[in-house]
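Please keep the sequence and the model in view while reading.

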Amino acid sequence: MALEQELETYMKHLADWTEHEGKYVLIKGEEVCGFYSSFDDVLHVGYDKFQLEPFFVKEVHQDEQVHRLSRPLKPCHTLPAQ
Amino acid sequence: MPHFTRPITQKGPLLKVEIGVSDELQRLYRLLNFPIPRPLFVDGLVDTGASITGIDTVVARALDLTSRGTIPMVTPSTGGQAVQVPLYDVSLAIPPGNAGELPYRVANLSVFASDELGGEGYPYHVLVGRDVLSRCLLVYNGQQGTYTLAF
């Protein structure tokens, strides 16, 4: 899955981010680029800084909500090639 | 409050949904003078059993989407275990029921993708989950066989 390094960076630092609970973090590789109050704001900064390069956005939660589907759908981990 | 009432079909409460690249990505495409992928107007299902909205991978590919994050997700197909699932940023609009009313639009929305949507088992391309429905009023009238969505 893409963005594995960014997810690792998130998990590595999460315990230190209690003051940022509920904010959105922007991560590129191992670099934590900042915290933002809304999804719109973090996307705006992410696209400004990195344009079409991969970057990672996540809402910071010490105890993250697990999302649920009642249907037995398999979510994709990568988009199939055209 | 704009609203519409539709029949509940055999496939469930269906609606038309417009899915495009997120407004922030559109802004970047304009800055770079790149063409903006045309939004797709597809069938969606109102799904109160989904905590987050999902799209068909065909839609994701047509919009040339790139993952921008992940969430943990459990479905009956994940064996009870939460798996990290990529998310894609899109814009979503639900057309109003009457001329002159504004659509319900989310400029920047995180969604997951599944290649099982749009197939025989799931003949619609969007699952409209509770993240989108949280800003709406939904009335399911089983006796009349209709549902009403207000936003």
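Q: Which residue in strand 5 of chain B is the bridge partner of Arg68(A)?
A: In this predicted model, Arg68(A) has Val74(B) as its bridge partner in strand 5 of chain B.

Q: What makes strand 4 of chain A and strand 5 of chain B a pair?
A: The two strands, of which strand 5 of chain B covers residues 67-74, are joined by two bridges and run parallel.

Q: How many residues does each chain bring to the contact, and what area is buried between chain A and chain B?
A: Chain A contributes 36 residues and chain B contributes 48 residues. About 4000 Å² is buried between them, and carbon and sulfur atoms give 61% of this area.

Q: Why is the link of Asp47(B) with Arg71(A) called a salt bridge?
A: The closest N and O atoms of Asp47(B) and Arg71(A) are 2.8 Å apart. The cut-off is 4 Å between a side-chain nitrogen of Lys or Arg and a carboxyl oxygen of Asp or Glu, so the pair qualifies. Between chain A and chain B the count is two salt bridges.

Q: What else is found across the interface, and which elements of chain A supply residues to it?
A: There are 19 residue pairs in polar contact across the interface of chain A and chain B, with both residues at pLDDT 80 or more. On the side of chain A that touches chain B, at least two residues each come from helix 2 (39-50), strand 3 (56-59) and strand 4 (67-68) of chain A. Helix 2 of chain A gives the most, with six residues. Sorted by class, this side of chain A has 20 nonpolar, eight polar and eight charged residues.

Q: Why do strand 2 and strand 3 of chain A count as edges of their sheet?
A: Chain A has an open sheet of three strands in the order 2-1-3, with antiparallel pairing. Strand 2 (31-36) and strand 3 of chain A each have a single partner strand, so one side of each has no neighbour in the sheet. Neighbouring strands of this sheet are turned against each other by 25 degrees on average, direction ignored.

Q: How do you know that strand 1 and strand 3 of chain A are paired?
A: Four bridges connect strand 1 (residues 24-28) of chain A with strand 3 of chain A in the antiparallel sense. At least two are required, so these strands pair. Phe56(A), in strand 3 of chain A, is the bridge partner of Ile27(A).

Q: Which strands does helix 1 of chain A touch?
A: Helix 1 (residues 4-13) of chain A packs on the sheet and touches strand 1, strand 2 and strand 3 of chain A. The direction of helix 1 makes about 35 degrees with that of strand 3 of chain A.

Q: What makes Glu53(A) and Lys28(A) a salt bridge, and where do the two residues lie?
A: The closest N and O atoms of Glu53(A) and Lys28(A) are 3.3 Å apart, and the limit is 4 Å, so the pair qualifies. The pair links distant parts of the chain, 25 residues apart: Glu53(A) is in the loop between helix 2 and strand 3 of chain A, and Lys28(A) is in strand 1 of chain A.

Methods. Residues numbered from 1 in each chain as written. Chains lettered and ligands numbered in written order. Predicted model: local features only at pLDDT ≥ 70, side-chain atom pairs only at ≥ 80, totals over all residues. Heavy atoms only, no water. Contact = heavy atoms within 4.5 Å. Buried area = accessible area lost by both parts, 1.4 Å probe. Polar contact = N/O pair within 3.5 Å; in protein donor to acceptor, adjacent residues only side chain to side chain. Nonpolar A, V, L, I, M, F, W, Y, C, P; charged D, E, K, R; others polar. Axes fitted to C-alpha atoms, helices over the stretch in contact; angles between N-to-C directions.
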